[in-house]
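Subject: Structure handover and notes

Dear colleague,

I am passing on the structure below, followed by notes on what was found in it. Please read the notes with the model open beside them.

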Amino acid sequence: MNLIAPHRTSDVLPFAKTPAAPGFGVYVHWPFCAAKCPYCDFNSHVRRSPVDQPRYVAAFTRELKEAARRSKGELVTSIFFGGGTPSLMAPETVGAILDAIAANWAIAPDAEITLEANPSSVEASRFRGYRAAGVNRVSLGVQALNDPDLRRLGRLHDVAAALEAIRLAREIFPRLSFDLIYARPNQTVEAWEAELNQAIDLAADHLSLYQLTIEMGTPFFELHKAGKLKVPDGELSAELYEATQAITAARGLPAYEISNHAVPGAESRHNLTYWRYGYYAGVGPGAHGRLRGENGQRHAIANEPLPETWLKMVESWDSGATTDEALSLEEQADELLLMGLRLTEGIDLTRWRKLAGRDIDRASERDLAHHGMIERLGPDRIRATPAGMLVLDAVVADLA
Ligand code: SF4
């Protein structure tokens, strides 16, 4: 594994409090976008003709009913509309899907209901409708606070539209997060520090800060391969990451996950359900779910990604699942490690041991701890340090 210098962590990560229960989430995937961004490998599709939203509502309703049948007794603590671009949905569509969720599960009175939105003016004009439908948190895809970079990223909005969408979202929704992408082509540490400070000035209580990754099959991948797109190398990426951790911590939004930062108490409850390895239903094209099976099994479910095929499947069988398999205990232990080590609170080793049927490999743990990649938080909790977060896949592989 590619180890970097040992790192002092105690002044960067707050000591984790006792984590709460993971909760149960419902994820709704809206798979359409106005245009495809050149770095994006999400399940998102551009359609020339208008999407038949009532037909999709009917399909979501059928798939939700089927997911609820398989998760009776769960209390929904969060709902997340992701995509794609869910802010292309009419507020009535969002309202009808929320009604279908409420018709099938009990919903916690303080449930977090998030919708991902792009900050164009057309989409911002729907914000009041989403709020009226029940959305109480919006996650804006701002991505950059300078126009040339927004254009390079293929985004359809400019900084002025982003600032207006942030202003409007803060006025309308009780909670707001926005995303930025860093480690962009030609970005210096100084430029990113200035942009991040500006973002924190604008932020409410949550920011998602992702490093640009070059994904296979995207136009950026081809440009990068041809030497026409230069992204920061490993060393500069590490510097950018460390600057991000230091600035957000100093300004009251410390990292609680590898790419997510919040004022303590304002973490995304929905995403915490994934990272704390809770159960969740996923509906819509390409959505994933983890549902409780019989005899304590955990089922991994993955849906058909192509919207039109998913639609026909649900209309025929009430489900668009192409994968539905019971995970072995060993597979669950691996997933728990993979998800939990993303969090600064780390993972509960007692829970991991129960699944794995063995203790964590002591020699690997000693080696990783010696190199400053992981640390213990008491006898039964382990977490990745910021240095370990930079090479998390390798850390997980070593421990698993
Ligand atoms: S708006 Fe989001 S989901 Fe759609 S193409 Fe761009 S990055 Fe991908």
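Ala 183 is found in the loop between β5 (175–182) and α7 (189–202), where helices (H or I, at least four residues) and strands (E, at least two) are DSSP runs numbered from the N terminus. This is a predicted model, in which local features need pLDDT of at least 70 and side-chain atom pairs count only at pLDDT 80 or more, while totals for chains, interfaces and linings use all residues. Residues are numbered from 1 along each chain as its sequence is written, and side-chain values use heavy atoms, with hydrogens and water left out.

Although Ala 183 is not a glycine, its phi is positive, at about 60°, and Ala 183 counts as buried because its relative accessibility is 2% (buried means under 20% relative accessible area, exposed over 50%, and partly exposed in between, with a 1.4 Å probe and protein chains only). Tyr 277, in the loop between α10 (269–275) and β9 (279–283), likewise is not a glycine and has a positive phi of about 60°; with a relative accessible area of 3%, Tyr 277 is buried.

Strand β1 (residues 24–30) pairs with β2 in the parallel sense over 7 bridges, two strands being paired if DSSP finds at least two bridges between them, and the bridge partner of His 29 in β2 is Gly 82. Together with helix α1 (residues 53–69), β1 and β2 make a right-handed β-α-β unit; a crossover is right-handed if, with the strands pointing away from the viewer, the path from the first strand over the helix to the second runs clockwise. On to strand β3 (residues 106–117), β2 is joined by 6 bridges in a parallel run, and Val 76 has Ile 107 as its bridge partner in β3. The chain crosses from β2 to β3 through helix α2 (residues 91–104), and this β-α-β crossover is right-handed as well. Strand β2 (residues 75–83) is mostly covered, with 7 of its 9 residues buried.

In the loop between β2 and α2 lies Gly 84, and the peptide bond from Gly 83 to Gly 84 is cis, with omega near 20°. Gly 84 is also one of the residues that surround the ligand, others including Cys 33, Lys 36, Thr 85, Asn 118 and Arg 155, where a residue is near a molecule if one of its heavy atoms lies within 4 Å of it.

An open sheet is formed by 3 strands in the order β13-β15-β14, with antiparallel pairing. Its edge strands, each pairing on one side only, are β13 (347–348) and β14 (374–376). Helix α14 (residues 362–370) packs on the sheet and touches β14 and β15, its direction making about 110° with that of β14; contact here means heavy atoms within 4.5 Å, and axes are lines fitted to C-alpha atoms, for helices over the stretch in contact, with angles running from 0 to 180 degrees between N-to-C directions. The bridge partner of Glu 375 in β15 is Arg 383.

Gly 388 lies in helix α15 (residues 386–390) and counts as buried, at 0% relative accessibility. Gly 388 and Glu 375 are 13 residues apart in sequence and 9.5 Å apart in space, C-alpha to C-alpha.

With kind regards
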